[in-house]
Amino acid sequence: MREILIADERATEEFGLKLAEELSPGDVLALVGDLGAGKTTLTKYIARGLGITDRVTSPTFTIVNEYRNGRIPLYHFDAYRLGKADSDIHDEIFETGIEEYFYKDGICVVEWPEFIADILPDGTKVIFIDFVNDDNGEARLYKCTF
């Protein structure tokens, strides 16, 4: 597992842009971290690295935002509400074909993946985002499984 210390917004941007170069169509990237850990911010920089010019926002209330104006489409998920839904709504959401995105022509970035872990494909890349204290104060530590 590689670990990357992210000290500030600029480091997040650099990492996101570099990561975008490494991702390929069909990749699923799961971002695990507490509220405010920077999952959407990292996704914004991945999108920029893919050449996406649309404003990237959290898909909290829509479940998925699609961005298609880059070199590779980006499908940005927020699964938090799926985990909070009652079982009937949960089943209905999965019946809508959410899994199909994982096998499309783009890259999927999933926030709160623990709520849909049972449907994430094998080979999903995971980044665990934790807060740590370094010599300059609080920083983020990305633990990448790939």
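A: Start with pairing: two strands pair if DSSP finds at least two bridges between them. Keep in mind that this is a predicted model.

Q: Which strands form a hairpin, and how many residues lie between them?

A: Strand 3 and strand 4 form the hairpin, with 6 residues between them. Strand 3 covers residues 64-67 and runs antiparallel to strand 4, to which 4 bridges join it. Tyr67 stands opposite Leu74 of strand 4.

Q: In which sense do strand 4 and strand 5 pair?

A: They pair in the parallel sense, over 5 bridges. In strand 5, Val109 is the bridge partner of His76.

Q: How should I read a helix, and which residues of helix 2 are buried?

A: In an α-helix there are 3.6 residues a turn, so residues three or four places apart point the same way. In helix 2, residues 39-49, the buried ones are Lys39, Leu42, Thr43, Tyr45, Ile46 and Ala47.

Q: What covers the buried residues of helix 2?

A: The cover includes helix 1 (9-22), strand 2 (28-33), strand 4 (74-78), strand 5 (107-111), strand 6 (125-134) and strand 7 (137-144).

Q: Which residue with a positive phi follows helix 2?

A: Gly51 follows helix 2, and its phi is near 85°.

Notes: Residues numbered from 1 in each chain as written. Predicted model: local features only at pLDDT ≥ 70, side-chain atom pairs only at ≥ 80, totals over all residues. Heavy atoms only, no water. Buried < 20%, exposed > 50% of the residue type's maximum accessible area, 1.4 Å probe, protein only. Helix = DSSP H or I, 4+ residues; strand = E, 2+ residues; numbered from the N terminus. Contact = heavy atoms within 4.5 Å.
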